[in-house]
Amino acid sequence: MNLRHTARRALPWAASAALVAAIAVSPTGAQAATVVTVPTVTRSYYGDYPVGRLVSFTFQRGADGEAPVRFSYDLNGQVRTVKATGGKATITLAFTGRRVNVLRVSAIAADGTQSGATYDIMAAMTRTPAQDKDVDGDMLPDLLLAGGNGRPTGIWQATLRNPAAFPGQLKTPAVNVGAYGLGYGGPETSDGATLVTGSFLHTGFSDVLGYHTGGFNAGGGALIGGSGDGSVLDTRIGQRNLYSGYLSDLNGDNPLQLANAYNAAGADVDGHHTDDLIATVGSPANGYHLHYYVGSYAVAVGPQLALTTKTPADDMAWQDWTIATAQQPTADGSPGTAMYLWHRASGRLVLWKDIRVTDHQDGTGSITHTAYEVAVFWNTGADLAALVAADFTGDGSPDLWAVRQDGKVTAYAITGLTAAGPATVTPGPQQSLF
């Protein structure tokens, strides 16, 4: 039996109940006469577990066979045993900062014969929201990059080194956390995807939205619940497919780029502060514009706004600009939205801070912001696989990672922002993710 596929069928994307599946394991000892049946598992709480909450689990002998004297159990690979009394035992566990937790339990007879295993797959949540782009729970921003376009297949995760000693420097080589891809096929389903992190499932962890601008699922992708601790992104709980065209505008044009807009519109349509999305959308036939998606649970699209705001060049040629967003503190301490805009052909780099989106109540909207000229001739003509904004220096203003198609990444610390510019852009040493 394939546990991953069984779990996906039995547990829909929004479910929080556990999946319990018995997997037959050959008994120890080829000629063992003792029969020990698979145990049952019950617990004191069902639903998404708050991190740190104590939960009791009761293991009990199966319907037939020898009464076990011990149970073997492991949570996320940590193996332990517990003594059974009358074929029964109870343990108490506290969940750490991992989103998907797997408990495996088997029964052990007096002669050492071990039963098959029962698997209990559970989801945890945290009341403390993850910091922007923090995928491993250390409260520092991290970098995710999809494979494809000459890069090895996978979702490649590089976590931040000590930011005080090595500003923007990453722990390399990157680790592949995309064993399940985007969840609707093999690992290759994430190849070429734009990866957007944010709060989409209300679990407190950094979820991952994979979006395809081209290929067989152009304009679609999937949402994966964040791991919480930097482990493999598990698609068995919280995964949701986005069909091709799911985010298209009223003209049927798909986003050319997609980024987290956080709460720039100040709207909360579902009561959970789900992050919004911002995109560049359009086609030669319909023209181009910024497009805003007011978020609701699991990227169920709320109101869409075609933004009338012009580019820094005072035109609507948004197809020529690359956008990268980050969360930033505002003057009153509340979270805000900042967005870098890079013109590849000229190398012009601009930062918009304190972004606010106004809904015109007619399907359109506009942006107010404070603009800073950051640089001219910055990476002019470069073919970047990803441009990622994150405050890796910790000064309250976003910096940049520029990732080339071959996985070479450079961190740029950005200081001295003024309206007239230029700012001070300090590159770090180039690193290779692979």
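Colleague: In this predicted model, which residue lies over the face of Y45?

Modeller: The contact with the ring of Y45 is made over its face. The distance from the ring centre is 4.0 Å, and the residue is R53.

Colleague: At what distance from the ring centre does R161 lie over the face of F166?

Modeller: A charge counts as sitting over a ring if CZ of Arg is within 6 Å of the ring centre and within 35 degrees of the ring normal. R161 lies over the face of F166, and its distance from the ring centre is 3.7 Å.

Colleague: How many aromatic pairs does a search of the whole structure find?

Modeller: The search covers the whole structure. The number of aromatic pairs found is 10.

Colleague: Is the pair of W156 and F434 stacked or edge-to-face?

Modeller: The ring centres of W156 and F434 are 5.1 Å apart. Planes over 60 degrees apart count as edge-to-face. The planes of this pair stand at 85°, so the pair is edge-to-face.

Colleague: How many residues apart are W156 and F434?

Modeller: W156 belongs to strand β11, residues 151–158. F434 falls in the segment after β29 (431–432).

Colleague: Is W156 buried or exposed?

Modeller: Buried means under 20% relative accessible area. The relative accessibility of W156 is 14%, so W156 counts as buried.

Notes
Residues are numbered from 1 along each chain as its sequence is written. This is a predicted model: local features need pLDDT of at least 70, side-chain atom pairs count only at pLDDT 80 or more; totals for chains, interfaces and linings use all residues. Side-chain values use heavy atoms; hydrogens and water are left out. Rings of Phe, Tyr and Trp (its six-membered ring) pair if their centres lie within 6.5 Å; planes under 30 degrees apart count as stacked, over 60 as edge-to-face and the rest as tilted. Helices (H or I, at least four residues) and strands (E, at least two) are DSSP runs, numbered from the N terminus. Buried means under 20% relative accessible area, exposed over 50%, partly exposed in between (1.4 Å probe, protein chains only).
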